[in-house]
Amino acid sequence: MKNCILCQSSDSTTVFNENGTAILQCSNCGHIYSSYEQAEHYDGYWEGEDQTYDLEWWDKAHRPVYRDFIKSYLQAEKGKLLDVGCGLGFFVKAVLTAKPKWEAIGYEISKQAVAFANVQNGLPTVYSGLVQDSKLPSASFDIITLWDVIEHIPKPHSLLTYLHSLLKPGGILFLQTPNFPIQLMKANLKVKLRGMQEGGHYLEAKDHVNNYKMSTLAELGKQCGFIEPRYKVLMPILSVAGSKSKLAIYAKLAYYYLTKWIFFLTFGKVNWNNTLFLTLKKG
């Protein structure tokens with residue numbers, strides 16, 4: 001039986017069962033996690049002899065949210081950014097293109113993804129390996145980003161504590177991850193309409209080993225030394241489960257604007273967006 005990473009309690013209840021893999025909610029603090037035992041540094045996400053990358057998804061569909069991030073958080077003329085788990089390097093490329101006076105570095109454990117970033121994306125500042133082994137100078141970054149990374153890490157405290165040491169005083173850690181309560185609602189609706197299907201896309205129980213809501217993601221940051229958790233609603237990824245339907249994209253945008261207004265009108269208390277965008281500050 002796995003223990004909760006936030007409070008160490010082993011008391012939990014099952015909130016979803018994905019083809020035999022239970023997703024559990026801690027009865028003590030409410031954190032949600034998968035019962036699946038994933039390797040701490042799983043590097044198979046980008047790997048494979050016949051691996052191909054959907055560039056419509058990883059590049060084109062992500063451009064609006066990257067632009068929104070840059071507009072919101074990179075207002076200074078120059079600075080230094082680290083993207084952890086940078087994949088193919090498209091976010092690093094977006095920063096360097098929009099903010100040429102910024103220095104942007106990426107770290108990714110998949111050698112295959114780093115090779116793509118280095119060669120196809122022309123990014124010599126994307127490096128292979130664990131960022132914890134990088135020997136980067138402490139207190140040297142203005143902002144560190146993790147896009148769709150934190151949910152994959154079984155025990156994230158040591159990573160976030162290390163990243164805290166890399167930030168300058170007043171520096172910002174940015175975390176982006178699925179908003180679990182909304183994802184759970186969507187998964188339950190799919191099961192109700194079509195039943196549980198083998199290989200169906202629900203909550204990725206063997207991939208997303210920790211699942212976060214606003215309170216638990218902020219608590220994780222607090223436990224790793226960060227202060228001032230602040231949520232924001234940014235643009236969505238403009239693709240819907242691989243669909244090329246423009247109607248689906250318009251529906252996704254309409255939902256984004258609805259959730260943004262609800263977030264604004266409730267002073268950030270109600271977040272129905274599909275994704276959590278959190279900044280944490282180093283004091």
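Start at the hairpin: select β1 and β2, which have two residues between them. Strands are DSSP runs (E, at least two residues), helices likewise (H or I, at least four residues), and both are numbered from the N terminus. In the turn, click N19, whose phi is positive at about 50°. Strand β1 covers residues 12-18 and strand β2 residues 21-26, and they pair in the antiparallel sense over six bridges. Two strands count as paired if DSSP finds at least two bridges between them. Now pick S12; its bridge partner in β2 is C26.

A word on the model. It is predicted, so to speak of local features requires pLDDT of at least 70 and side-chain atom pairs count only at pLDDT 80 or more, while totals for chains, interfaces and linings use all residues. Residues are numbered from 1 along each chain as its sequence is written, and side-chain values use heavy atoms, with hydrogens and water left out.Next, the aromatic rings. A search of the whole structure finds 17 aromatic pairs. Rings of Phe, Tyr and Trp (its six-membered ring) pair if their centres lie within 6.5 Å; planes under 30 degrees apart count as stacked, over 60 as edge-to-face and the rest as tilted. Select F69 and F174. Their ring centres are 4.7 Å apart and their planes stand at 70°, so this pair is edge-to-face. The two residues are 105 apart in the chain: F69 is in helix α2 (residues 63-73), F174 in strand β8 (residues 167-178).

Buried means under 20% relative accessible area, exposed over 50%, and partly exposed in between (1.4 Å probe, protein chains only).

W147 lies in strand β7 (residues 141-147) and F174 in strand β8, so the pair ties together parts that are 27 residues apart in sequence. W147 counts as buried at 10% relative accessibility. Now widen the selection to Y66, F69, Y73, F91, W147, F174 and F277, which form one aromatic cluster.

Move to K80 and F141. The charged end of K80 sits over the ring of F141, 4.9 Å from its centre. The test is NZ of Lys or CZ of Arg within 6 Å of the ring centre and within 35 degrees of the ring normal.

Salt bridges come next. Side chains of opposite charge can pair when their charged atoms come close. The cut-off is a side-chain nitrogen of Lys or Arg within 4 Å of a carboxyl oxygen of Asp or Glu. How many are found in the whole structure? The search finds five salt bridges.

- Select D59 and R63: their side chains meet at 3.0 Å, N to O. D59 is buried at 18%, whereas R63 is partly exposed at 42%.
- Select K168 and D142: the closest N and O atoms of this salt bridge are 3.3 Å apart. K168 lies in strand β8 and D142 in strand β7, so the pair ties together parts that are 26 residues apart in sequence. K168 is partly exposed at 30%, and D142 is partly exposed at 26%.
- Select K281 and E228: their side chains meet at 4.0 Å, N to O. K281 is in strand β11 (residues 275-281) and E228 in strand β10 (residues 227-232), 53 residues apart.

Select W261, F264 and L265, which make a nonpolar patch of about 400 Å². Patch residues have over 30% relative accessible area and no salt bridge; like charges are joined within 9 Å, nonpolar side chains (Val, Leu, Ile, Met, Phe, Trp, Tyr) within 5 Å. Areas come from the Shrake-Rupley method with a 1.4 Å probe, and for residues only the protein chains shown count as cover. F264 is in helix α8 (residues 246-265). At 56% relative accessibility, F264 counts as exposed.
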